[in-house]
Amino acid sequence: MSYPTRVKLVEVGPRDGLQNEKQPVSAAVKIELVHRLQEAGHKEIEVTSFVSPKWVPQMADNAEVMAGITRRADVRYSVLTPNMKGFEAALLSRPDEIVVFGAASEAFSQKNINCSIAESIERFAPVVAAAHAAGIYVRGAMSCTVGCPYEGDVAPAQVGYLAKLMKDIGVQHIGVADTIGVGTPIKVRKALEATLQHFDINDVSGHFHDTYGQAVANTLAALAMGVWQFDTAVAGLGGCPYAKGATGNVATEDVVYMLHGMGIETGVDLDKLVDAGEFISQALGRPTQSRVAKALLAKRTSAAVCETV
């Protein structure tokens, strides 16, 4: 079986990972997390979202965070913009990329953004057009592509329907997301196949949550199809406020460990990545959710003890 020789990882921990945290996370901590992630070698970082603080209070410091980052010329910084108001606010912070999102489930769309799938696309169309006019790259995210907390299984046809709508309004890259982490390799493959009817393989990425422990397996299934871009979150940060029991995104450390073990390049330094994950985990007052990070941190502790004996 032939796998890609290099994989691009979009680190979504600062935005998708932290947005559902109930405890406040300071702008200073978020800025430091971004700095640590880019120091670890990340070239694509989803920093924040320009949404109403009424709905997502954790992201109320979006402009402060974007202004506080020491930018690198070789790093692309993206932000989520759900509507024109959000885009206009984001524009002041000079993002390299914006993200618009829609759900492959009608019920989830209504619960999440209070409108139908078709209506959500109508909202995004002027945002995408404005981004193109400003020379800003547009990435789309499709949530609930294999399962929905309200509808159950989501048919691949629904995924294809949303992918076509996104393509038609000018979205340049599309992410296929298992938002509640119920996917298995076959289901993920079918969702990707439906998406590939409308987007080139080089413009498609995977975004898998790990609720049922399937995220790494789903990543491998996507790799086998030739998908070479994935969203991951350091320390396994994340969740979904509309899906009870849904856990975080697949941990970046776990994916990097697997990829490096397969001889696939990522450009990410695993040791520095573990340090970044430990930093944000300590800031949140809980252990990392990455199995690889837990193992490597335990190994470090064991080695340090041996040195002192």
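This is a guided tour of selected residues and elements in the structure above.

The model is predicted: local features need pLDDT of at least 70, side-chain atom pairs count only at pLDDT 80 or more, and totals for chains, interfaces and linings use all residues. Residues are numbered from 1 along each chain as its sequence is written, and side-chain values use heavy atoms, with hydrogens and water left out.

**Stop 1: salt bridges**

Select Glu 44 and Lys 8. They form a salt bridge, with the closest N and O atoms 3.7 Å apart. The term stands for a side-chain nitrogen of Lys or Arg within 4 Å of a carboxyl oxygen of Asp or Glu. Glu 44 sits in strand E2 (residues 44-49) and Lys 8 in strand E1 (residues 8-11), so the pair links distant parts of the chain, 36 residues apart. Helices (H or I, at least four residues) and strands (E, at least two) are DSSP runs, numbered from the N terminus.

Now colour by accessibility. Buried means under 20% relative accessible area, exposed over 50%, and partly exposed in between (1.4 Å probe, protein chains only). Glu 44 is buried at 10% relative accessible area. Lys 8 is partly exposed, at 23%.

Salt bridges link Lys 8, Arg 15, Asp 16, Glu 44, Glu 46, Arg 76, Glu 97, Arg 139 and Asp 231. The count for the model is 20 salt bridges.

**Stop 2: Glu 39 and two partners**

Select Arg 72 and Glu 39. Their salt bridge has its closest N and O atoms 2.9 Å apart. Arg 72 lies in the loop between helix H3 (62-68) and strand E3 (76-80), and Glu 39 in helix H2 (residues 27-39), so the pair ties together parts that are 33 residues apart in sequence. Arg 72 is partly exposed, with a relative accessible area of 33%.

The side chains of Glu 39 and Lys 272 form a salt bridge at 3.2 Å, N to O. This pair also links distant parts of the chain: Glu 39 is in helix H2, Lys 272 in helix H11 (residues 270-284), 233 residues apart. Glu 39 is partly exposed at 40% relative accessibility. Lys 272 is partly exposed too, at 34%.

**Stop 3: Ser 109 and Cys 115**

Go to Ser 109, in helix H5 (residues 106-113). Ser 109 is buried, at 1% relative accessibility. What does the side chain of Ser 109 reach at 2.7 Å? Look for the backbone oxygen of Cys 115.

Show the surroundings. Leaving aside neighbours within four places in sequence, Ser 109 is in contact (heavy atoms within 4.5 Å) with Ala 103, Asn 114, Cys 115, Ser 116 and Ile 117.

Now search for disulfides, meaning pairs of cysteine sulfur atoms within 2.5 Å. The whole structure has zero. Cys 115 is in no disulfide; the nearest cysteine sulfur, that of Cys 144, is 14 Å away. Cys 115 is buried, with a relative accessible area of 2%.

**Stop 4: Cys 144**

Move to Cys 144. Cys 144 is in no disulfide either, and the nearest cysteine sulfur, that of Cys 148, is 4.8 Å away. Cys 144 lies in the loop between E5 and strand E6 (147-148). Its relative accessible area is 0%, which is buried. Check the backbone: phi of Cys 144 is near 55 degrees, a positive value in a residue other than glycine.

**Stop 5: helix H8**

Select helix H8 (residues 185-195). Val 188, Ala 191, Leu 192, Ala 194 and Thr 195 are buried there. Look down the axis of H8: the buried residues fall within an arc of 160 degrees, so they line one face of the helix. The arc is that of the directions from the helix axis to the C-beta atoms.

What do the buried residues of H8 pack against? Show strand E5 (137-143), helix H7 (156-168), strand E8 (173-178), strand E9 (204-208) and helix H9 (215-224).

**Stop 6**

Select Gln 229, in strand E10 (residues 229-232). Gln 229 is buried, with a relative accessible area of 4%. The side chain of Gln 229 reaches the backbone oxygen of Asn 202 at 2.8 Å. Beyond neighbours within four places in sequence, contacts of Gln 229 include Lys 8, His 173, Asp 203 and Val 204.

End at Ala 235, in the loop between E10 and helix H10 (252-261). Phi of Ala 235 is near 65 degrees, a positive value in a residue other than glycine. Ala 235 is buried, with a relative accessible area of 2%.

Conventions
A polar contact is a pair of N or O atoms within 3.5 Å; within protein, one must be able to donate a hydrogen and the other to accept it, and residues adjacent in sequence count only if both atoms are side-chain atoms.
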